[in-house]
Amino acid sequence: MNDTPRSHLRFEVRNAGEVSALGLRPANARWLLVLAHGAGAGMSHPFMERLASELAAADVATFRYQFPYMERRSRVPDAPAVLTSTVGAAVRAAGEMAPGLPILAGGKSMGGRMTSSAAAEHPPEFEKVRGLVFFGFPLHPPGRPGIKRAEHLARVTSPMLFLQGTRDQFADLKLLRPVCASLGTLATLREIATADHSFHVLKSSGMTDAEVMRQLAQSVAAWAQTIA
């Protein structure tokens with residue numbers, strides 16, 4: 001695990017109270033990723049912990065945060081308006097934590113989709129965000145293929161990085177590839193062979209889960225260089 005000290009923070013979400021956040025800034029940080037959790041697990045989930053640690057090793061600082069429902073220990077996600085408001089508040093709070101670093105924003109599954117929704121609906125709040133990163137974009141529910149959840153992406157003006165497993169049941173790549181193609185140069189799709197929605201891989205991939213986490217972090221760092 002990365003031994004960089006973590007900062008325990010709190011910030012205000014309009015009409016939803018305060019929520020918790022975790023800042024992790026390595027000494028040689030070159031970017032700051034505002035990182036939202038998925039629907040079923042909070043910012044301290046092992047996946048989020050490992051990802052933040054690997055990102056720190058790749059010189060990417062992170063600002064992880066809770067959505068209000070997770071702060072209340074509820075299993076039911078907040079209304080979309082509350083979720084996107086939280087994303088905007090997190091971006092502002094992260095900028096105050098590390099004012100000298102260029103900002104990226106994104107998240108795991110639902111957290112990534114709410115980040116792109118916020119960027120599409122409230123562009124002024126994202127003026128300082130250089131790009132969006134999706135760790136398993138949830139294009140559709142398992143077994144119900146469709147692209148309705150991607151319609152808002154056409155209104156996003158920032159570069160976007162999609163990190164997607166080839167076994168992800170939340171995104172049929174036969175649908176996601178044309179979605180990304182329709183976004184032109186703004187979208188970059190990186191496929192992780194045999195990875196599922198949690199980025200677990202089969203032995204046949206020749207990689208371990210730990211190596212995949214490192215690859216995800218390194219992909220973010222390398223992509224960030226291309227949008228500098």
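## Sheet, helices and aromatic pairs in a predicted model

In β8, G165 has I192 as its bridge partner. The chain passes from β7 to β8 by way of helix α5 (residues 173-182), and this β-α-β crossover is right-handed. The model described here is a predicted one. Strand β7 (residues 160-165) and β8 run parallel and are joined by six bridges. Within β8, R190 is the residue that stands opposite L163.

These two strands belong to an open sheet of eight strands with mixed pairing, in the order β1-β2-β4-β3-β5-β6-β7-β8. The edges are taken by β1 (6-13) and β8 (187-192); each has a single partner strand, so one side of each is left without a neighbour in the sheet. On average, neighbouring strands of this sheet are turned by 20° against each other, direction ignored.

Two helices may be described against the sheet. Helix α1 (residues 46-57) lies across β1, β2 (17-24), β3 (31-36), β4 (60-65), β5 and β6 (129-135), and runs at about 155° to β4. Helix α4 (residues 110-121) packs on the sheet and touches β3, β4, β5 and β6, with its direction at about 135° to that of β5.

The aromatic pairs come to a count of eight. Among them is the pair of F11 and Y65, whose planes stand at 70° with the ring centres 6.1 Å apart; the pair is edge-to-face because planes over 60 degrees apart are classed in that way. This pair links distant parts of the chain, since F11 lies in strand β1 and Y65 in strand β4, 54 residues apart. F11 and Y65 are both buried. A further pair, F63 and Y65, is tilted, and both of its residues are buried. Ring pairs connect F11, F63, Y65 and F67 in a cluster. Two of the pairs are set out below.

| Pair | Centre to centre | Angle between planes | Arrangement |
|---|---|---|---|
| F11 and Y65 | 6.1 Å | 70° | edge-to-face |
| F63 and Y65 | 6.4 Å | 35° | tilted |

L101 is found in the loop between α3 (80-97) and β5 (103-108). With a relative accessible area of 9%, L101 is buried, because the limit for that class is under 20%. Apart from neighbours within four places in sequence, L101 is in contact with R25, A29, R30, W31, L32 and A61. From R177, by contrast, L101 is 76 residues away in sequence and 31 Å away in space, C-alpha to C-alpha.

Notes. Residues numbered from 1 in each chain as written. Predicted model: local features only at pLDDT ≥ 70, side-chain atom pairs only at ≥ 80, totals over all residues. Heavy atoms only, no water. Helix = DSSP H or I, 4+ residues; strand = E, 2+ residues; numbered from the N terminus. Buried < 20%, exposed > 50% of the residue type's maximum accessible area, 1.4 Å probe, protein only. Contact = heavy atoms within 4.5 Å. Pairing = 2+ DSSP bridges. Axes fitted to C-alpha atoms, helices over the stretch in contact; angles between N-to-C directions. Right-handed = clockwise from strand over helix to strand, strands pointing away. Phe/Tyr/Trp six-rings, centres within 6.5 Å; stacked < 30°, edge-to-face > 60°.
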